[in-house]
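Visitor: I'm new to this one. Can you walk me through it?
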Amino acid sequence: MTAPAKISCRHLWKIFGPDPQGFLKRHGEAPKDEDFARENYIGAVRDVSFDVYPGEILIIMGLSGSGKSTLIRAITRLNDPTQGQILLDGNDLLKATPAELIDLRRHKMGMVFQHFGLLPHRSVLSNVAFPLEVRGAAREERETRAREMIKLVGLEGREDYFPRELSGGQQQRVGIARSLAVEPDIWFLDEPFSALDPLIRREMQDEFLRLQKLLRKTIVFITHDFDEAIRLGDRIGIMKDGRLVQLATPEDMVSAPADDYVREFTRNAPRDRILTVGAVASREHVPVNGVNVLASAKIGDAAALVLSSDKAIAVIDADGKPVGAIDRKRMIAALYPDGAR
Amino acid sequence: MTSSAAVVRPAAARAPPLDLIAMVAVLAALLVLAQLVPVFDKWPEALVIPVRGWVTDFFAWFAQTAKPVTRAIAWLLAQPLALVEALLYRGIPAWKWPPLPWPAIVLGAALLGHWIGGRPLALLCGLASFYLALFGLWPDAMQTLAIVLVTVPLAAISGLLLGIWATRSRRAERVLNVIFDVMQATPHMAYLGPVVILFGFGQVPAMLATLGFALPPMARCTILGIRTVPRDVIEAGHMAGCTPLQLLWKVELPAAERTLLLGLNQVVMQTLAMAVIASLVGASGLGQKLLFSLQQLQIGKAVEQGVAITLIAIVLDRMTQAFMRRNPQRIAPGTPWVRRHRYLVAFGVLVVVTIAAARMFPALAIYPKELTLSYGGPINDAVRWISRNLFPYVKPIRDSITIWLLLPLRDFYLFLPWPVVIGIPAMIGWHFGGWRLALLPVGLLGFLMLAGFWTPLMLTLYLVTSTTVLCVIIGIPLGIWAARRPLAARIINTVCDTLQTFPSFIYLIPVIMLFQTSDLSNVIAMLAYATVPAIRFTYLGLLRVPQATVEAATAAGATAAQRLRKVELPIAFPEILLGINQTIMMALAMVAITALIGSRDLGQEIYKALPGADTGRGLLAGLGIAFIGIIADRLIGAWAQKRKKELGMG
Ligand SMILES: Nc1ncnc2c1ncn2[C@@H]1O[C@H](COP(=O)(O)OP(=O)(O)OP(=O)(O)O)[C@@H](O)[C@H]1O
Ligand SMILES: [Mg+2]
């Protein structure tokens with residue numbers, strides 16, 4: 001991840017209340033949680049900094065009301081942050097004029113909404129073509145492009161339907177097609193699948209991964225479902241009361257949670273599918289003798305082998321060099337951390 | 001919040017007796033004071049402030065000064081009206097052009113109905129228009145329709161623009177809200193005075209008065225519609241890169257379509273109601289004919305004309321409602337132009353064919369007089385029969401109710417010293433909403449007293465309170481009944497729907513037939529007009545009581561009566577209060593109308609002020625009615641709010 005960041009947020013604040021700016025100043029730009037409670041201000045986003053790199057899927061997680069939507073709305077300038085800096089490809093987004101902002105949204109950003117946000121009076125085709133229409137594309141051009149997008153999300157044949165005639169999953173496909181119509185660089189998704197039932201949600205997640213393999217967008221994805229987060233995300237940021245508590249890969253988060261809040265989140269995580277053998281192996285060296293496991297293998301895949309062996313098994317990297325060892329005890333501790341304690 | 005509500009409740013349960021005792025004590029003191037100091041009994045004539053004269057003078061001056069402007073406005077408005085009138089019934093005599101043949105309009109209405117609402121609506125539209133021709137009301141009806149057709153788009157567009165403005169600026173919204181509150185609480189008739197002085201008599205002033213009355217509901221619906229567009233939809237618009245104007249035209253307004261169409265429905269209904277009432281300022285058309293018939297007690301004719309107005313109202317109402325419910329339809333790609341626009345094509349063909357046919361058969365051009373029917377005769381006979389055979393029985397009932405109930409009540413109202421009258425709503429206001437709400441009745445009623453409207457004010461209050469009490473006594477049981485029995489609900493709903501589409505004038509016809517002119521006639525006309533909301537809101541309030549609560553009460557062993565009294569009614573109470581509020585508003589609106597059959601209240605003041613162009617008298621009396629409405633609205637609103645909070649629903 002040495003490429004320059006696509007999006008960087010620096011010390012971002014979004015405060016709701018009668019005079020947010022004044023409130024921040026009064027408390028030396030760093031109000032504490034007690035200050036918010038005392039003066040009845042809501043600190044929806046508090047001093048959040050992070051980077052998103054090109055082609056990465058960054059997941060933002062947190063309980064309801066933790067400020068996820070407010071954060072994404074600040075980055076898209078759907079609401080104006082109280083304080084801080086947002087760089088988009090190195091340009092200061094908060095300095096953008098209304099005209100520049102409209103231009104950015106017309107060409108660089110796409111967004112998918114939890115409740116779809118489809119225009120009820122327009123057909124599927126016209127909904128998907130809407131962002132192109134708004135930026136002044138000719139009918140022919142925008143409808144061709146919209147049809148491509150509709151095909152991409154697997155809705156061909158439904159072009160003339162109206163949103164009310166579609167199921168929730170289909171409506172969200174329309175939402176996705178619409179957000180992709182302008183070929184955005186950056187793709188924001190605010191709990192796109194939360195309103196769908198579990199089976200459809202699963203299907204839509206697969207769909208999302210398929211699309212991302214094709215398109216390689218830079219993605220900020222909000223969810224409150226940890227399973228969804230680890231299934232889709234390259235890195236996960238966890239928010240609590242407006243603060244970003246931890247930002248890490250799923251594996252780091254599971255193996256080294258920053259605090260109890262994060263630990264609670266990761267408690268039911270499918271560790272066997274997140275942790276790699278390399279992360280839980282000891283650094284001791286045992287002879288490599290036919291049976292060994294790759295450091296990058298998920299522990300779930302190595303479990304049968306390790307648990308059935310009485311001795312420690314060598315762990316090797318991609319070049320076949322030994323990097324450590326793992327035995328039955330370590331494997332069990334990694335799989336069942338609560339049981340071990 | 002929940003904990004504070006829990007704290008408030010026992011206190012509130014104990015507080016009323018204390019408050020009540022204090023209030024009664026204050027009132028008693030005021031009564032005694034009135035006996036000792038005459039100024040505190042009746043406000044002396046000599047101390048009346050001549051506001052009324054000032055207003056009249058101001059309007060006279062303003063009319064003189066603004067004459068070029070008002071002339072220009074009147075001329076501008078007259079043009080589209082002339083065009084529509086030429087099309088509908090007048091033709092262009094100078095060029096010897098006939099108007100549209102009547103079958104074109106009748107069938108065109110049916111076609112429009114079919115497009116909007118399918119076969120049933122087509123039938124309704126066609127038959128209703130044919131009624132107008134068959135009973136010889138065609139030119140009058142077309143005159144009224146012309147006013148409606150020209151005013152509706154004007155009112156809708158200006159209301160829309162004002163509404164949009166209000167959603168863009170909080171301050172504008174606040175100001176407009178206050179203005180609209182007053183405008184909507186002022187009876188239709190009170191608009192006529194200023195309009196007459198500025199624009200004279202005739203169709204155009206009628207249009208202007210109509211415009212003023214029909215505009216607020218449209219603006220309100222626009223505000224509501226835009227504000228209730230889901231947040232996701234608006235944000236999707238922003239993210240698509242909409243400019244503010246694109247957002248408005250392509251996202252907000254289309255997404256708010258249904259509420260906007262509801263506004264349009266209101267505009268149409270208000271316009272028709274006003275077009276009828278505007279006959280008082282010389283707007284010709286059905287309303288004027290009906291007014292004449294009523295004044296000459298030609299009940300048969302009045303019924304024919306009343307039915308025509310009602311039919312027009314029902315048709316317009318059903319059309320706009322059906323339009324509101326329509327969903328955009330999928331159009332298969334490759335549908336040919338003619339098929340996609342088949343209604344337009346059919347209408348074009350219809351016009352061409354009927355015009356050609358009308359050349360050959362003049363009966364198709366103008367509906368011939370010889371072919372008109374009338375059922376006025378039999379009705380007149382019936383009325384005569386009633387007044388000969390029934391009235392002798394009705395009269396003693398009417399007179400005894402009047403003598404034993406209404407007159408003593410009226411005298412009681414007139415006896416009350418002014419501090420008591422103003423004090424009661426002030427104390428209620430103070431109890432529910434603090435001193436701000438207490439000052440409202442003091443200010444408004446005090447102003448009316450100072451301006452010298454005390455007696456008509458008290459007579460209005462007397463009529464409105466008696467009507468309201470009767471409405472509650474009749475309406476709430478009906479609402480309860482409807483909530484119990486689905487069949488009853490269906491019947492009552494249909495009746496209420498129909499009653500609500502009748503323009504208020506219509507209610508005078510049967511009342512005059514049965515009771516002739518008297519206070520009781522006024523009360524009954526108001527009653528017939530104003531009971532609907534009391535029924536409706538009771539019914540809806542009871543329906544909204546959570547099922548779980550009702551079941552819990554049943555499980556606890558409550559009998560049906562106990563459940564109603566202890567569980568359902570208290571929970572539905574805030575809703576019922578709102579219904580009573582609506583009832584009061586409608587009774588007040590009717591006050592002005594009943595002036596036509598004789599009364600001595602504020603409505604009569606408005607009516608009497610019209611011919612003499614006594615703008616001050618008419619306008620202030622109109623405001624007086626509006627003030628009563630506003631006070632009732634605020635007090636009841638505060639009460640309902642408080643109850644809701646205590647029930648944890650607010
Ligand atoms: N316009 C607003 N005015 C005042 N407070 C707001 C506003 N928008 C959000 N908040 C508050 O900010 C906090 C964060 O809200 P936000 O919608 O960002 O949460 P979220 O993490 O997206 O929750 P959810 O999972 O429910 O969507 C909440 O306490 C919310 O009440
Ligand atoms: Mg959210």
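Predicted model: local features only at pLDDT ≥ 70, side-chain atom pairs only at ≥ 80, totals over all residues.
Visitor: What comes just after α3(A)?
Guide: R77(A) sits there, with a positive phi of about 60 degrees.
Visitor: Staying in chain A, where does D327(A) lie?
Guide: D327(A) is in a loop of chain A. The loop runs between β13 (322-326) and α15 (328-335).
Visitor: How accessible is D327(A)?
Guide: D327(A) is partly exposed, at 27% relative accessibility. Buried would need a value under 20%, and exposed one over 50%.
Visitor: What does D327(A) contact, leaving aside its neighbours within four places in sequence?
Guide: D327(A) is in contact with V306(A) and A312(A). As for K311(A), its C-alpha atom is separated from that of D327(A) by 6.3 Å. Those two residues are 16 apart along the chain.
Visitor: New topic. What secondary structure does chain B have?
Guide: Chain B has 26 helices and zero strands.
Visitor: What is the radius of gyration of chain B?
Guide: Chain B has 27 Å. A compact globule of 650 residues would have a radius of gyration near 26 Å, so the value for chain B agrees. Along the principal axes, the C-alpha atoms fill a box of roughly 85 × 60 × 55 Å.
Visitor: What share of chain B is buried?
Guide: Of its 650 residues, 50% count as buried. Chain B exposes about 31,100 Å², and carbon and sulfur atoms supply 71% of that.
Visitor: And the contacts in chain B, how many join residues at least 24 apart?
Guide: The figure is 80%, taken among contacts between residues at least 6 apart in sequence.
Visitor: How many positive and negative side chains does chain B have?
Guide: There are 51 positive and 28 negative side chains in chain B. The centres of the two sets lie 6 Å apart.
Visitor: Take one charged residue, E85(B). Is E85(B) buried or exposed?
Guide: E85(B) is buried, with a relative accessible area of 5%. Its place is in helix α3 of chain B, residues 67-90. Beyond its neighbours within four places in sequence, E85(B) is in contact with R90(B), G91(B), Q143(B), A146(B) and Q203(B).
Visitor: On to the rings. How many aromatic pairs are there over all chains?
Guide: A search of the whole structure finds 28 aromatic pairs. One of them joins W102(B) and F130(B). Their ring centres are 6.1 Å apart.
Visitor: Why is that pair tilted?
Guide: The planes of W102(B) and F130(B) are at 35 degrees, so the pair is tilted. Stacked needs under 30 degrees, and edge-to-face over 60. W102(B) is buried at 11% relative accessible area, while F130(B) is partly exposed at 31%.
Visitor: What about F447(B) and F627(B)?
Guide: That pair is edge-to-face, because the planes are at 65 degrees. The ring centres are 6.2 Å apart. The pair links distant parts of the chain, 180 residues apart. F447(B) is in helix α18 (residues 418-450) and F627(B) in helix α26 (residues 615-646). F447(B) is partly exposed at 30%, and F627(B) is buried at 11%.
Visitor: Last one. Which residues do ring pairs link into a cluster?
Guide: W187(A), F193(A), F208(A) and F221(A) form that cluster.

Definitions and conventions:
Residues numbered from 1 in each chain as written. Chains lettered and ligands numbered in written order. Heavy atoms only, no water. Helix = DSSP H or I, 4+ residues; strand = E, 2+ residues; numbered from the N terminus. Rg over C-alpha atoms; globule rule 2.2 N^0.38 Å. Buried < 20%, exposed > 50% of the residue type's maximum accessible area, 1.4 Å probe, protein only. Contact = heavy atoms within 4.5 Å. Areas by Shrake-Rupley, 256 points an atom, 1.4 Å probe, with all protein chains shown as cover. Lys, Arg positive; Asp, Glu negative; His and termini not counted. Charge placed at Lys NZ, Arg CZ, Asp CG, Glu CD. Phe/Tyr/Trp six-rings, centres within 6.5 Å; stacked < 30°, edge-to-face > 60°.
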